[in-house]
Amino acid sequence: MNQHLKEIEAVLKTVDDPELPSVSVFDLGMVHDVKVIGSQVLITMVPTFAGCPALDFIKRDVQKAVGDLPWVSDCEVHFSFEEKWSTDAITDEGKTQLKKHGVAPPPENYQPGEEWTVDCPYCGSDYTSMENVFGPTACRSILYCTSCRNPFEAMKPVVDYVY
Ligand SMILES: [Zn+2]
C-alpha cells in the first residue's frame, strides 16, 4: 500500500460514526474505495443504513480529517448506494468496540424480510427479545437480554435502500 493511502487509512480510523462513539467509520467497514490523484482524494463510502441522518456529518468529518493532511488539496466523499454494506465489512477491532459499548452488530448473512436476532453483547446469549424496534436512532434498536437482563442496542441489518 502506498504511503498516502496508509495515511488516509490512519486518519479514517480517527473519524467516529457520530451515532456510535469510539467506533471509526473505517472499522465499521463504511469505506469502500479510496482514490488518490496527485493531491486530490476521492473516497467512496457505503452507508450502514439508508436515510441515516448522520451521513452528512460523517461526510463533513471525513472531508475535514482527510483535508487536514498536509499533502491533500481537496477531498471529496461520495456515498454509494449500489454497494451493500454488511456485517462482514466490520473489522474485528470495530466488533470489539461495538461490544464494549453494548451495541450488537447486525446478524451476519441476513436475508431481507427475515426476522432477525442478535447475540447479547454482554453475555453472548441469543435469548434476546426486541424491546423497541425504533430505538434511539433510525439505525439502531433496543433489545433486551432475557439471560443477563441487560437492555442493549443493536444495529439494524441493512434491508433495501429503495422502499
Ligand atoms: Zn445477556
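Helices (H or I, at least four residues) and strands (E, at least two) are taken here as DSSP runs, numbered from the N terminus. The structure is a predicted model, in which local features need pLDDT of at least 70, side-chain atom pairs count only at pLDDT 80 or more, and totals for chains, interfaces and linings use all residues. Residues are numbered from 1 along each chain as its sequence is written.

The loop between β8 (140-145) and β9 (151-155) contains arginine 149. Its phi is near 60°, a positive value in a residue other than glycine. A residue is called buried if 20 or more other C-beta atoms lie within 10 Å of its own, exposed if 12 or fewer, and partly exposed in between, with C-beta atoms placed from the backbone. Arginine 149 counts as exposed because it has 10 C-beta neighbours inside 10 Å. Methionine 155, by contrast, belongs to strand β9, and it counts as buried because it has 26 such neighbours inside 10 Å.

An open sheet is formed by three strands in the order β3-β4-β5, with mixed pairing; two strands pair if DSSP finds at least two bridges between them. Because β3 (31-37) and β5 (74-79) stand at the edges with a single partner strand each, one side of each is left without a neighbour in the sheet. β3 and β4 pair in the antiparallel sense over six bridges, and valine 34 stands opposite isoleucine 43 in β4.

Helix α1 (residues 3-12) has Ile8, Val11 and Leu12 as its buried residues. Seen down the axis of α1, these fall within an arc of 100° (taken from the directions from the helix axis to the C-beta atoms), so they line one face of the helix. Gln3, Lys6 and Ala10 are exposed on the other side of α1.

In soluble globular proteins, nonpolar side chains tend to be buried together. A nonpolar core is here a set of buried Ala, Val, Leu, Ile, Met, Phe, Trp, Tyr and Cys residues joined through C-beta atoms within 7 Å. The largest such core has 32 residues, and Leu12, Val25 and Val66 have the most contacts inside it. Among the elements that each supply at least two of its residues are α1, β4 (40-45), α2 (55-67), β8 and β9. Domain 1 (3-79) and domain 2 (100-155), whose bounds come from an automatic or database domain assignment, both give residues to this core, so it lies between them.
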